[in-house]
Amino acid sequence: MQKTALSDKILLKVEKPARYIGNEINAVVKNKNEIDIRFALCFPDVYEIGMSHLGIQILYSLFNSYEDVWAERVYSPWVDLDKIMRDDNIPLFALESQEPVKNFDFLGFTLQYEMCYTNILQVLDLAGIPIRASDRSEDDPIVVGGGPCTYNPEPICEFFDFFYIGEGETGYREIFDLYKEHKAKKTTRKEFLKRISQIEGMYVPSLVEVTYNDDGTVKGFTDDEGKPVHIKKQVVREMDKAHYPEKPVVPFIKVTQDRVVLEIQRGCVRGCRFCQAGQLYRPVRERSVEHLEEMAIKLLNNTGHEEISLSSLSSSDFSGIEELVNFLIEECDKRHINISLPSLRIDNFSVDVMSKVQDIKKSSLTFAPEAGSQRMRNIINKGLTEEDILKGARLAFENGWTRVKLYFMLGLPGETVEDIEGIADIADKIAREFFDAVPKEERKNGPVQIVVSTSFFIPKPFTAFQWAPMNEAKDFLDKAYITRKAITSMLNQKRIKYNWHEADVSVIEGILARGDRKLNDLIETLYKKGCIYDAWGEYFDMDKWMSTMAELGIDPAFYTTRKRDLDEIFPWDFLDCGVSKDFLKREWERSLKGEVTPNCMLRCNGCGAVNMNGMYCPM
Amino acid sequence: MKVRIKFAKSGVMVYIGHLDLLRYFQKSMRRAQIDIKYSEGFSPHQIMSFAAPLGVGVISNGEYMDVELNSSEGKASFIDSLNEVMVPGVKILNAVLLPDKAKNAMSSVAAASYRIVRKDGGKIPEEVISSADVFIGQNEIMITKETKKNVMELDIKPHIYQFGIDSEEISLKVDASSAGNIKPMLVVEALYRYAGVDFDPLDMQIIRDEMYMDIGEGDERELVSLDSIGEDF
């Protein structure tokens, strides 16, 4: 019998035991006696979510390509197993070796969304590692965080020994070499972290002191020698040379992203002012079509997946998109592989491609205008016009499509009732376009069906809107009501379905996104009160969050609705993602005037990423 | 060409349910670059069907599935290339080329043989062993079977084809046809109840050793393993 950390009885009792047994295709098992560094890579959510994440697969493959390192995976045990592990005192284990995470050298978390923060504490606690970095001993694993949320790590900084700011492919070898030296020379944890802090992109919270003004805003950041702190992200220079996993782990159970994922480029030339990823991953870097074609074949052969998907922030902007897609259509047809093409602009090319790879009757067109009026779309710098949308929709209707999905945000800066009502208007115009484009006798796939979804806008660090006040939950719900009323007053209202997002969880996400160090106590208190899986509607407990903030004297409005001064120092200002604060400030001011900034292909707008670590922006 | 595959499932793979095992084999066929036949239509799927789902937790040395191939480089290469892409816990044991008019595995299954042992390696209680002869000698063995809709009384005696017991294991050959399938644990539970011995099914490991088809004439039962028809290829 293969080794399992959980007994047979437990495995037969819990939901989906396959979450906990490892043994998947391409999982890497090494002889622990022949390696120097054991690294547990954690996505702090349930297996099916964590296994769908490309970043972990990249690091897993990269680390395991080093002879002296064995990287394993660990995910949050689902609530059923969580309870059993607490009741029976079973320590959290990594999937490959089934051995306790506490015995590892490193425990690394990827931080993809704010609502997973209590799950970080769950993983630490179940592993038997002290929750606070300051309480850890020399024998505890070094706890490191990476991923987009590390661009404001302050609300969780006291739970981490260090954060890796930037792209993971470039800096870990140096860290591992330092760690081996630290082990050989038996230096202290503190000395090791000091050395780490001297590597570009590494943030050791215990070595940075934050001072505050009387009003609670940040006054400044100083390091342990009293000097100002400035940490510049790690960045991949040439995508073709960056490590890419050729043998990703293939889960047994169905996971969210159950397919080959081909990352075609990193970064985005569009300067949408609400979008954090669009700033964090600058500058844009493409992989070559030749490299991608080779990767696609290898990945399909090595995984046996029946679907391949392209990944990027805006696939239509990839210069080799037509060549790559045509190649994939030909290859995938031979192999009975499905192709999924997210984030493609609707034009002649994409309609032609989609009619080849999708079942028109079942698939839908997706547009993300994000705002209902042109005025508002100018404010957010979303280049899409009403004409673009109607033209794209018409083209697709003429080719047989009937389903349209539309995504919008509510609560954007400077939003008026007219802007919101514009959402209903555009949905109605799309319906009219259908009835105009497709004569009655040709509507063999039925009438048009439009689904409008709205989420609530959350200002994020390192965007032009980092200065923007966020709406309160009540405003959000009022706005959703206005949207719903406007839709029901439309001529084609019966063809339009409307969904809106939860308001409460958006407010909490807003607090954490622009939070500061004072929130560490909040996260810890909430965890101790039993909060985990806050990203899951059925486990998120708004009352607990609100009452705990009240207990700790934390004012939600300070983080959400407060109007921030143009010169305010933000909790994340000591980090440098390449895009300068001056540029963001200019963008914020332009947005207030409704001025559009052209995308990077048309003109360089001087964001600062042009000269990131000696690498030039190709635009 | 229709090919019947015999495989074993053990180790941690016992925690993989039937539908996930199907997905696992679909991906394995692609990794092994088997020239498997796909169905027609907009979303074609591999032509693959299993003899009988195996319960989660059960070890098997005799699982079967049928696939349709466009071409093959022969039995040995077929088995080897599949075994090369298996994970520990799944092993391809045999493959045979089926006659064109052969019934598929699922409708062919008539019986299955099982062994039931204690997971802790312990002995089967003396009271159970000593009650076994009388238990199996009864004219009828009534059990209550709970289905989704109702609870019903059922005589399982006619569905038990072979029964054996010693201190190590209970061995059974029972009806596994779609009409009269008997779960082995039902028999074991009935036996323990008859012997008046407390019992937790989770303490017992079920091992399915073989699945059979019935090639007998008329009412005469003649059970042979599912891969005994067909030929090498």
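View 1. W536(A) is partly exposed, with a relative accessible area of 22%, whereas W78(A), at 8% relative accessibility, counts as buried. In this predicted model, the search over all chains finds 44 aromatic pairs. In the pair shown here, the ring centres of W78(A) and W536(A) lie 4.8 Å apart with their planes at 65 degrees, so the arrangement is edge-to-face. The pair links distant parts of the chain, 458 residues apart, with W78(A) in the loop between β2 (69–75) and α4 (79–88) of chain A and W536(A) in the loop between α17 (519–528) and α18 (542–551) of chain A.

**View 2. The ring pair of F252(A) and Y24(B)****.** The two ring centres are 5.8 Å apart and the planes stand at 55 degrees, so the pair of F252(A) and Y24(B) is tilted. Because F252(A) belongs to the loop between β9 (231–232) and β10 (260–263) of chain A and Y24(B) to helix α1 (residues 18–31) of chain B, the pair joins two chains. F252(A) is buried at a relative accessible area of 3%, and Y24(B) is buried at 4%.

**View 3. F63(A) in the largest nonpolar core****.** This core has 211 residues, and those with the most contacts inside it are F63(A), F106(A) and F25(B); helix α14 (residues 417–437) of chain A gives the most to it, with nine residues. Ring pairs also link F63(A) into a cluster whose members include F39(A), F106(A), Y172(A) and F176(A).

**View 4. Charged side chains over tyrosine rings****.** R73(A) lies over the face of Y60(A), at 5.6 Å from the ring centre, while K173(B) lies over the face of Y212(B), at 4.3 Å from the ring centre.

How values were computed: Residues numbered from 1 in each chain as written. Chains lettered and ligands numbered in written order. Predicted model: local features only at pLDDT ≥ 70, side-chain atom pairs only at ≥ 80, totals over all residues. Heavy atoms only, no water. Core = buried A, V, L, I, M, F, W, Y, C linked by side-chain atoms within 4.5 Å. Buried < 20%, exposed > 50% of the residue type's maximum accessible area, 1.4 Å probe, protein only. Helix = DSSP H or I, 4+ residues; strand = E, 2+ residues; numbered from the N terminus. Phe/Tyr/Trp six-rings, centres within 6.5 Å; stacked < 30°, edge-to-face > 60°. Lys NZ or Arg CZ within 6 Å of the ring centre and 35° of its normal.
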